[in-house]
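Got your viewer open and ready? Let's walk through this one together, one selection at a time.

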Amino acid sequence: MKIADHPLRNIAMISCAGAFLLGASVHAQTNDINSRLQSLEESLGQMDTKMSRQLNELLWIQQFSDIAIVDKVRFTGPPPRSTNNPAPPPGSNDVLISALTFMPRQVSKHRKLPLVVLAHGEIHGNVASDEDLHVVRDLVEQGYAVIAPDYRGSSGYGAEFWRKIDYGGREVEDVHAARQFMLERFPRVDSHRVAMVGWSHGGLIALLTVFAHPEAYQACYAGVPVSDLQERIRIRGKGYEQLFSAPYHIGKTVAEAPDEYRKRSPAANVSKLKTPLLIQANTNDDDVTIDEVNKLLEALRKAGKNFESHVYTNAPGGHLFNRLDTVAARESRQEIWRFLAKNLK
């Protein structure tokens, strides 16, 4: 079936049209032109990301139909960090999390599967085939089960979910809940062979997840990981800090809440590392600079932690250097797969 004829495409168009009409009704409630334009712009942006996400999910299914059973699942993460209902009934205020699961088709029925939990990159990103397809395909072909959650704050699920973001906070618990979901849903998944994997912001999430739950993961890979929020904001400037100091986010600047930013920075929490770890970075990365990653590497060495690292020198592709189709990218990914195979046996 062509994607253009797929019934889910029609669902996507209908749901997006509904979002637009809902937004239009909200706009009509105010006569302030600037507010109406801003609200309309937000509604159109959310409509666009929702359709992009839905079409992207069709691409995942189409691209993996030969090697994996792909499913879209939903489960719960913890309640929002702040809520207007201080004492809701248990379970009623949980955040609903969506994820894609990939179960290999060609595996022995008598062998348990190792699991990889993949944390997507970008603030307000989602599981994107243009960045993660090679990664997931490599893993499935090697016999790994994979779950890739769209944790709170991910795009394509509407403005309310987008504003639930808790950067480096309850995002971590959403991703860990993905591990728990897979173990409950699939008895063939081996609870003693689980790895956390992520790039960029997903690398930060991967690190903070194994710091918080060291007993649950037997390996962790962090590619070009966001490592130190204070250093990142210093490099990027006040405009970047506004992302974090928004009322629905951390709500304060670095100067106002330095401890809060340290709590969400892997470099400030390396004492918690107990999981075998591989870090890869690239000297020509202009997103997560090598100076920022070096703060993490230096902190790990100072804490006396055992870990592996490989800093590539000016590898083609910068921030995306090992998620491309190039020979260098494939060689870099092979290093990751050898690390996972060694630690997940």
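Before we start clicking, one term: a salt bridge here is a side-chain nitrogen of Lys or Arg within 4 Å of a carboxyl oxygen of Asp or Glu. By that rule, the count comes to 20 salt bridges. Keep in mind that this is a predicted model.

Eight of them form an open sheet with mixed pairing, in the order 1-2-4-3-5-6-7-8. Strand 1 (68-77) and strand 8 (308-312) sit at the edges with a single partner strand each, so one side of each has no neighbour in the sheet. On average, neighbouring strands are turned by 20 degrees against each other, direction ignored.

Now select residues 95-104 and 145-150. These are strand 2 and strand 4, paired in the antiparallel sense over five bridges. Pick out Ala 99 and you'll see it stand opposite Pro 149 in strand 4.

**Stop two: the cores.** Select Phe 75, Val 117, Ile 147, Met 196 and Ile 279. Within the largest nonpolar core, which has 59 residues, these five touch the most other members. Helix 6 (residues 201-212) gives this core its largest share, seven residues. Zoom in on Ile 147: leaving aside neighbours within four places in sequence, its contacts include Phe 75, Ala 99, Val 117 and Phe 181. Another core, of 33 residues, lies apart from the largest one; Val 136, Val 146, Val 197 and Leu 344 are among its members.

**Stop three: charged pairs.** Show the side chains of Arg 323 and Glu 131, which meet in a salt bridge at 3.2 Å, N to O. Arg 323 is in the loop between strand 8 and helix 11 (327-344) and Glu 131 is in helix 3 (residues 129-141), so the pair ties together parts 192 residues apart in sequence. Buried or exposed, what is Arg 323? It counts as buried, at 5% relative accessibility.

At 52% relative accessibility, Glu 141 counts as exposed.

Last, select Glu 292 and Arg 232, joined by a salt bridge at 3.2 Å, N to O. Glu 292 is in helix 10 (residues 290-302) and Arg 232 in helix 7 (residues 229-236), 60 residues apart. Both Glu 292 and Arg 232 are buried.

Definitions and conventions
Residues numbered from 1 in each chain as written. Predicted model: local features only at pLDDT ≥ 70, side-chain atom pairs only at ≥ 80, totals over all residues. Heavy atoms only, no water. Pairing = 2+ DSSP bridges. Helix = DSSP H or I, 4+ residues; strand = E, 2+ residues; numbered from the N terminus. Axes fitted to C-alpha atoms, helices over the stretch in contact; angles between N-to-C directions. Core = buried A, V, L, I, M, F, W, Y, C linked by side-chain atoms within 4.5 Å. Buried < 20%, exposed > 50% of the residue type's maximum accessible area, 1.4 Å probe, protein only. Contact = heavy atoms within 4.5 Å.
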